[in-house]
Amino acid sequence: MGNKRLASQPNNAVTVTEASSSTPISAILSDNILSVREGMGGSSDIIIRESLFAATGKPMAVLYTDGLVDVTAVNNFILRSLMGEPEHIPAEQDPLEIMKAYTLAIGEVKQVDDMAKVFHHILSGDTVILIEGSVSGIAASTKGWKDRGVSETSVETVVRGPRESFTESIRTNTALIRRKIKDPNLWIETFQIGDITKTDVMMMYVNGVAQPTLIGEVRSRLKQITIDGIFESSNIEEMIQDQQMTVFPTLYNSERPDVIALELLHGKVAVLVDGTPFVLVAPALFESFLKASEDYYHRIDISSLVRVLRYIGFLIALLAPSLFVAITTYHQEMVPTQLLISLSAQREGVPFPAFIEALMMEITFEVLREAALRMPRTIGSALSFVGTLVIGQAAVEAGIISAAMVIVVAITAICSFVFPSYDLSSAIRILRFPLMALAASFGLIGVFIGMLLLVMHLNSLQSFGVPYLSPFSPFEFDKQKDAFFRFPFKALFNRIRVEKKTR
Amino acid sequence: MNDGTLTARQLMILVIFFIIGTTILVVPSTLAAEAKQGAWLLQLGGTVAGTLVLWFYMLIFKRNTEQNLFEMNERLFGRLPGKAVSLLVAVLTIVFASQVLFYIGSFIRTQIMPDTPMEAIHVLFMFAVVAGVKFGLVTMARTAEIYFPWVLLLFIFFLFFIIPDIRVNQLMPLSEVEGMSFVRGTLAVVTYSYFPLFITFAAMHRSIPWQKSMQRAYLIGGFVSGSMLVVLVLVSTMVLGPMNTAVQVYPTYVVARKINVGDFLQRVEVIVAFLWFIVIYFKLTLYFHAIVTGVAQTFGIAKQAKSLGVPLGLLVFVLSLYIYPNYVYLKKWDTLTWTSESLILGVVYPSVLLAATIVRAKWGKKSGGQPIDSGEGAS
Amino acid sequence: MITASILLGLSCLVGAVELTRLWTKKHKRTVAVYAAVLIMGNAMIVLRGLGIALPNPADWLTAALTPLNNMLLHLGLIES
């Protein structure tokens, strides 16, 4: 099925796919009504209200989808105004012009010229008005479906800071961002991605702060997506991220308007997808995943320390099992004598080598974690709490695992939640296992080599042209203000922009 | 992203890592054998001399911008003779690389993990080296940049915790160093640390834009690393005593072993060993980069240099298993043959190149060559 | 022996993958050099696994540089 995209102008243009039914609107009203009915297979939620246009007396039809429109608006502002007797009309005019200029009391109106657009607008929640004798129609914006409503985010909670989160409706989301940034330079570009879903995807950025090269890059990547359906921003993420083989995410996502607004001020580009509250941010560097918006809402000292804690947590989550396995297997001399005695006492009755123990515990924990996600809420927390405790305790007493191993795995698990990004903790979950294998085969040397390879891999990644480990790796001294520690705002908010390296 | 150029900072860090490289393990004992408690003076002399040597190399680099060593060979000596020289340099570097691999392998084997077979350790390390070269020079430089604070941290940690064991009287009597001894010691330092730098860094010459900041970083790197080594030699002498230092195979490691803080922080020499691993890894990777670039350039496949990583890595690996049949051979080779060929590669060869460059410059542009940047005035 | 065969197998595996990739990209000369060095390396491993002593390039260097060595010794620049 050929899918061509028309050239998109920067401001508020709508890109429309040419479906096979790009037939023009017929001048005969009944033909149009018939083709709409047939095109939709007689779906009962498509309401076609035929009536007479009071101003010219010609037949007209008002088409909308029940459930997607605000019915009150349709009734009051469209039907009533079009069917009511107008006060003062100049004669002999294009009925559409009359509607638009005199009678139609709706804010956003667009002209539609072919059936494909008619379908698109009906299915988007607009009301389409067709009139006998005219080959164009009007689409009036009357969107009003049931929304979840702006509520508190469940995934990214804060102690202090706004609690709003995005909803599944893209217009609400853009509004939430507009409330944070009231600058006219906050621009939105709209796309429709997904041949069958025709999902609205919008790109937001602050003109003048975001680099034009970055904007152009995001735009071109969005435009070349060809796929049947887009349901979540992760679908988009997968298709526009740099094509490199890595477990690390190169696009950041958040549910919270203040986070996104902050990133926009940093010169990044946000991608909103209709139908999901998770908004993408490009480019995303390694340090983005270890920052939380809370850092900016608390005092400097605690924010800086918590940030350092996060980095330490990251290292622990990644390395703890490997280090434990390496030291207890190969380098026992490193452990203080007292501890060594109790450790070996524990491991006395355990039949498995440290690596197998660690592997079993880690896999068990991963299974528990996934199961906890799927369980219904009522059973969920009780089961996981009791389950983990019981399993851990029982296993230790049965002599299958040593208590120290349970502690290590528990610390690892807790540390992996210290940083806010789920994507990054997934990456760590995966990487933990090869590191454990290296530790089990080569001890600390293996861990060293593993980390070396990891660091090199991270250095070779880029996100939309920016090296992934900036600002650490090509060391930019002035960017350090926001990387590890959080310096006072006076030092920070002078346009921290994400730069692309140029030759 | 991968512009293909290094920053000044990265250059400095690579120089530091390269110079500290294997030296850190081995040279203190040679110097102690030579001058007993005056060993640190030898290292100091070596640092100064070495930095001058680096400056000398820079003259060649500046005059031949945009070309790496092997292209320089071809340009200055003619195509075929140039290729022959390049191949010779590459093959020699293969030998050096396998020696470095042997050093780190035997260090790990004897001190840290005696039960693991030599082949396994060598393979592991070589794998990481090949991977490093395949990732590319820029990625490697960035990795070095990231590891640098850790190296500094470990170094300071090491020094800090060894302070209780320092006995300054072991440094007495000072300046009892006779002339020839001093010369020998300085020569040893320069041949070990500074001379090999020429072929290695010249091989990546393309990636280095030689502005003032780069030049400064480069020289600072040479000096800083030498100074770190001076401190290490001092510490080693003061903790173990000159006799003991001279006798040990890995004197600095033995010093690290002595770290004992409140009966809790002991046996942490492995952590200090990480320092050695990092610097040696980068030295080895830089050597390997030179090898791969050289071989590729010789056979005219410069763009695909990275692909040669695996087979050449295999070669270096195999060589490393038997390049030093035993310790006596190692000591003898390192003092005799290594010094000779290091002098050739580090003094004679660069001088010839410099002379050839100047000669060419005087004859103006020649066909088949690029416009020559004759640097700023006479050397 | 075991290590030798494992290494051999691995290097051939990697070699096969890389060579096919290079061949499809028409880098014939690289394939040649790669194959040559690979064969050399593998031969050395096999010979070593069989216990045959391999020539040591360090020895060649020593032989080639003997005159210089002697001169240095004579000058007192190095001591054995």
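What percentage of the 80 residues of chain C count as buried? In this predicted model, the share is 19%.

**View 1. Overall form of chain C.** Chain C holds three helices and zero strands. Read from the N terminus, its elements follow the order α-α-α. The C-alpha trace extends over about 55 × 35 × 15 Å along its principal axes. The radius of gyration of chain C is 20 Å, whereas a compact globule of 80 residues would have a value near 12 Å. Of these 80 residues, 19% count as buried, with 20 or more other C-beta atoms within 10 Å taken as the cut-off for a buried residue.

View 2. An unreviewed UniProt entry gives the annotation "transmembrane region" to residues 6-24 and 31-54 of chain C. Residues 6-24 of chain C are 100% helix and 0% strand, and the end C-alpha atoms of this span are 27 Å apart.

**View 3. The bend in helix α14 of chain A.** Helix α14 of chain A is made up of residues 422-460. As a straight helix, its 39 residues would span 57 Å at 1.5 Å a residue, but the end C-alpha atoms of α14 of chain A are only 22 Å apart. A bend of about 140° is found in α14(A) at F442(A).

View 4. For chain A, UniProt (unreviewed entry) lists residues 308-330, 400-422 and 434-458 under "transmembrane region". Residues 400-422 of chain A are 61% helix and 0% strand, with 31 Å between the end C-alpha atoms. Residues 434-458 of chain A are 100% helix and 0% strand. The end C-alpha atoms of residues 434-458 of chain A lie 16 Å apart.

**View 5. The contact between chains A and B.** Chain B gives 26 residues to this contact and chain A gives 28 residues. On the side of chain B that touches chain A, the elements giving two or more residues are α6 (118-135), α7 (137-162) and α13 (269-298) of chain B. Sorted by class, this side of chain B has 16 nonpolar residues, five polar residues and five charged residues.

Terms used:
Residues are numbered from 1 along each chain as its sequence is written. Chains are lettered from A and ligands numbered from 1 in the order in which they are written. This is a predicted model: local features need pLDDT of at least 70, side-chain atom pairs count only at pLDDT 80 or more; totals for chains, interfaces and linings use all residues. Helices (H or I, at least four residues) and strands (E, at least two) are DSSP runs, numbered from the N terminus. The radius of gyration is taken over C-alpha atoms; the globule rule is 2.2 Å times the number of residues to the power 0.38. A residue is buried if 20 or more other C-beta atoms lie within 10 Å of its own, exposed if 12 or fewer, and partly exposed in between; C-beta atoms are placed from the backbone. The expected span of a helix is 1.5 Å times one less than its number of residues. The bend at a residue is the angle between axes fitted to the seven residues ending there and the seven starting there. UniProt positions are given in the numbering used here, feature names are shortened, and annotations may be inferred rather than shown by experiment. Two residues are in contact if their C-beta atoms, placed from the backbone, lie within 7 Å. Ala, Val, Leu, Ile, Met, Phe, Trp, Tyr, Cys and Pro count as nonpolar, Asp, Glu, Lys and Arg as charged, and the others, Gly among them, as polar.
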